[in-house]
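These are my notebook entries on one protein structure. I record what I looked up, entry by entry.

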Amino acid sequence: MTDATLRPAPNLLANGWVKAALILAAIVAAAMVAAKLDGSGTAYKVFIDPFVQMVELPDLLVQTLWEGLVTGVLYALIALGFVLIFKASGVFNFAQGIMVVFAALTLVGLHEKGVPAFLAVILTLGVMFVLAVTIERMVLRPLVNQPDIILFMATFGITYFLIGFGESVFGGNPKQMIAEQLYLPKGAIDLNILGGRVSLQKIDIAAAVIASIMIAALALFFQYTRIGRALRAVADSHKAALSVGISLNQIWVIVWFTAGIVALITGIMWGARSDVSFALEIVALKALPVLILGGFTSIPGAIVGGLIIGIGEKLGEFYWGPLIGGGIESWLAYFIALGFLLFRPQGLFGDKIIERI
Amino acid sequence: MKKTTIMKGAALGALLAGSALVSPAMAQDSIYVANNAYRTGPFSGSGTPIGDGMRDYFTMLNERDGGIGGVKINFEECETGYDTKKSIECYEQAKSKNTVIYSPWSTGATLAAIPRAHIDKIPILSMAYGLSASADGGQFPWVFIPPLTYWDGASIMVRHMANELGGMDKLKGKKLGLIHLDAPYGKEPIPVLEALAKKYGFEVKLYPVAAADMQNQGSLWLSIRRDRPDYLYNQGWGAMNPTAVKEAIKNGFPIAKLVGVWWAGGDDDARAGGPEAKGYKSLNFNAAGSNFPVIQDILKHVVDKGKSLAPKEKVGENLYNRGVYNSMLVAEAIANAQKISGKKVVTGEDVRRGLETLNITEARLKELGMAGFANAVKIACADHSGHNKAYVAEWDGTKWTQKGDWMDPLKDEVRPLIEAAAKDYAEKNAGWPKRAEACEKSS
């Protein structure tokens, strides 16, 4: 006899994925039984009809997936802003949403003052840099070594300051994003797919491409550069990072500035799809379920989480929303995130936190 | 040392005496008008132009006529951010300052204020917003909802649809979609649309938009593409409206079949869609533009003197003029109250009577410099809305223009629903007071 045969059989159920798959299979089986039992009743509408629709009207399915993809990429971009700050300072940056508004308003506001579009972008980046330095000096530095919750509350303070400051400088009026001046494309590409029309907005394509490039660049930057390594060191332990000579202040400025850049890109893209107003702040908070799903500390988690939430909520709203009166998108995202949390409490790619007591 | 103490004491005494003398005098020569506004927050896009219009009209009355009936109007804004919780603070503040009227400026805020106002005896003016059922003056003596309710609006939408299709009988089998904010405001027209759908045989499809997804309507418009409604009625507000206009264009929905309620008719809402938004429609009960004596007076007495918060080019925009219209109703109610009560400085109770007998004729509108700006408004003891006319406005690419004639709501169908809903409200709220206020003889 070899040792291998003596080893106890591995407990497959301990693996979260296997457990998830088994439960999913059980749900599907139960659904099929239920659908068989009540014919054209509720179970049919929930479990069968949406899929019939998907097959019968494939163009709408493609369109829904596309919409989900674009929103997902944008969610991923917003989530990335949160992840970077969470890694560096250990706080959920509540102010990320208002930073989106602030960056977009600064850009549009500068352009209204007669600054050429691209110069306005550069100046806005400058403003975001000044903002990052100010936040580091005025808020973060005095709070070094305080509990995380204090820093978290401080981001609320930043939010309310930026709301008030933004409103007093730019006013509350909604503004048009200067999409044309920034050479962002307009109009749509209509494709004939499977006997139907799928229309891809050029601005959405641009948003998806730019956001993807941005995400890739940031991921690479924080993976392979000296600053990236320093960031990861800071994320592991502030004290250990300080002891090997990493400047915490410098890292914070860089991270908040990066969050500012992300905010500006998000603001431009989302602003062009809608308009630039303080309502954009709420959109950024849609990144919260993405973070719950992907894990607060993981860049790939933000990307995959963003896509799952984006596509999941669009599919859910489109195919299952009408069954309960529609408008389910806003909570469905949290629902999806919670579903994943049942199996992976630390999020898809989050670090398992092991604390010794 | 001692001398200075005495001096200080004397100064303080003088100050106290001074303020004691001043405050009753102040209270006597001005009328306090509280008004909610939201120049901040996600809905500020709609709230700011309205707030400017309301403020400028009263500033103009004070500057040009020295107030109303020789009494200055002390107009004060309370910032709510379109948040119902904050609106209650604003209500309490307005009450403590003895406001003669309260304009909640959100349906949620109106619903919160209605029970309070019936105890505190403060008249509420919810101009074409708020609880449609409050048009029943028998149950709601302190709430006024001129010139028409959301239910009237929805019925005018149905009439508009029938006009374009060629008659009420052509409505059969048609599909009307209602895009609405998933909030008390957005849900208001649902009961009346469903009742009318049943009667005329068309179908109503609901497309709710959660406040968090106002700018994220992608999947909703996919549903619209799937369901292919013949018409869309948009009961939207704030950032939801420009997004809806953009999405309609993006999804190839015929923009001329998208009709907004009067609150979805902001210039910024339509402008967001660019040149392709031409043809977007909205119900309306005031005219847009600055070509009216009243707006010219505002320009002359307020804007040109630097007393307005509005940029000059925004004066005369649709929602700005809507604000002017709201203030005109308040001012006329106060003037009417002065006439009925014989007092110069009127109270909330007087203004309630003033509102209940409000009758703004075409001739009066002309005197106010508003000929062609609005239609006549008449409120009565039992009918606190008047169910007045509205028209369909069309965006021509740069401004709002009047598309069709002024239309009456389907009053015969809406009114019984309103009375039933009002009765229902009173029954559901145990201890709802029976109306104790007598009707005026003239009404």
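**Entry 1: Aromatic pairs**

How many aromatic pairs does the structure hold over all chains? I found 39 aromatic pairs over all chains. I note at the outset that the model is predicted.

I then checked where the two residues lie. A:F94 belongs to the loop between α4 (58–89) and α5 (96–112) of chain A, while A:F156 is in helix α7 (residues 148–170) of chain A.

A:F94 has a relative accessible area of 19% and is buried. A:F156, at 23% relative accessibility, counts as partly exposed. The cut-off matters here, because buried means under 20% relative accessible area.

Next I turned to chain B, to the rings of B:Y391 and B:W406. Their centres are 4.9 Å apart and their planes are at 65°, so this pair is edge-to-face. B:Y391 lies in strand β13 (residues 391–395) of chain B and B:W406 in the loop between β14 (400–402) and α15 (411–428) of chain B, so the pair ties together parts that are 15 residues apart in sequence. B:Y391 is buried, with a relative accessible area of 3%, whereas B:W406 counts as partly exposed at 22% relative accessibility.

Which residues do ring pairs link into a cluster? I listed A:F82, A:F86, A:F92, A:F94, A:F152, A:F156 and A:F296.

**Entry 2: Charges over rings**

I looked up two arginines of chain B that sit over rings. The charged end of B:R322 is over the ring of B:F285, at 4.9 Å from the ring's centre. B:R352 lies over the face of B:W142, with 5.3 Å to the ring centre.

**Entry 3: Disulfides**

A disulfide is a covalent bond between the sulfur atoms of two cysteines. I counted two disulfides over all chains.

One disulfide joins B:C78 to B:C90, with an S to S distance of 2.0 Å. The torsion about its S-S bond is about -75°, so I recorded the disulfide as left-handed. B:C78 is in strand β2 (residues 72–79) of chain B and B:C90 in helix α3 (residues 84–96) of chain B, twelve residues apart. Both B:C78 and B:C90 are buried.

B:C381 and B:C439 also form a disulfide, and their sulfur atoms are 1.8 Å apart. This link of B:C381 and B:C439 is left-handed, with -60° about the S-S bond. B:C381 is in the loop between β12 (377–378) and β13 of chain B, and B:C439 is in the segment after α15 of chain B, 58 residues apart.

With bonded cysteines counted along the chain, the disulfides of chain B follow the pattern 1-2, 3-4.

**Entry 4: Nonpolar cores**

In soluble globular proteins, nonpolar side chains tend to be buried together.

The largest nonpolar core has 119 residues, and B:Y57, B:W263 and B:I334 touch the most other members. Helix α12 (residues 318–341) of chain B gives the most to this core, with eleven residues. Domain 1 (28–148 + 289–389 + 417–428) and domain 2 (151–287 + 394–412) of chain B each supply at least three residues to this core. Another core of 97 residues lies apart from it, and A:L74, A:L77, A:A230 and A:F278 are among its members.

**Entry 5: A buried lysine**

I looked up B:K314, which is found in the loop between α11 (293–303) and α12 of chain B. B:K314 counts as buried, at 18% relative accessibility. Leaving out residues up to four places away in sequence, B:K314 touches B:D268, B:R271 and B:Y320.

**Entry 6: Chain A as a whole**

Chain A contains 15 helices and two strands. The C-alpha trace of chain A spans about 65 × 60 × 35 Å along its principal axes. Of the 357 residues of chain A, 49% count as buried.

Methods: Residues are numbered from 1 along each chain as its sequence is written. Chains are lettered from A and ligands numbered from 1 in the order in which they are written. This is a predicted model: local features need pLDDT of at least 70, side-chain atom pairs count only at pLDDT 80 or more; totals for chains, interfaces and linings use all residues. Side-chain values use heavy atoms; hydrogens and water are left out. A nonpolar core is a set of buried Ala, Val, Leu, Ile, Met, Phe, Trp, Tyr and Cys residues joined through side-chain atoms within 4.5 Å. Buried means under 20% relative accessible area, exposed over 50%, partly exposed in between (1.4 Å probe, protein chains only). Helices (H or I, at least four residues) and strands (E, at least two) are DSSP runs, numbered from the N terminus. Domain bounds come from an automatic or database domain assignment. Contact means heavy atoms within 4.5 Å. Rings of Phe, Tyr and Trp (its six-membered ring) pair if their centres lie within 6.5 Å; planes under 30 degrees apart count as stacked, over 60 as edge-to-face and the rest as tilted. A charge sits over a ring if NZ of Lys or CZ of Arg is within 6 Å of the ring centre and within 35 degrees of the ring normal. A disulfide is a pair of cysteine sulfur atoms within 2.5 Å.
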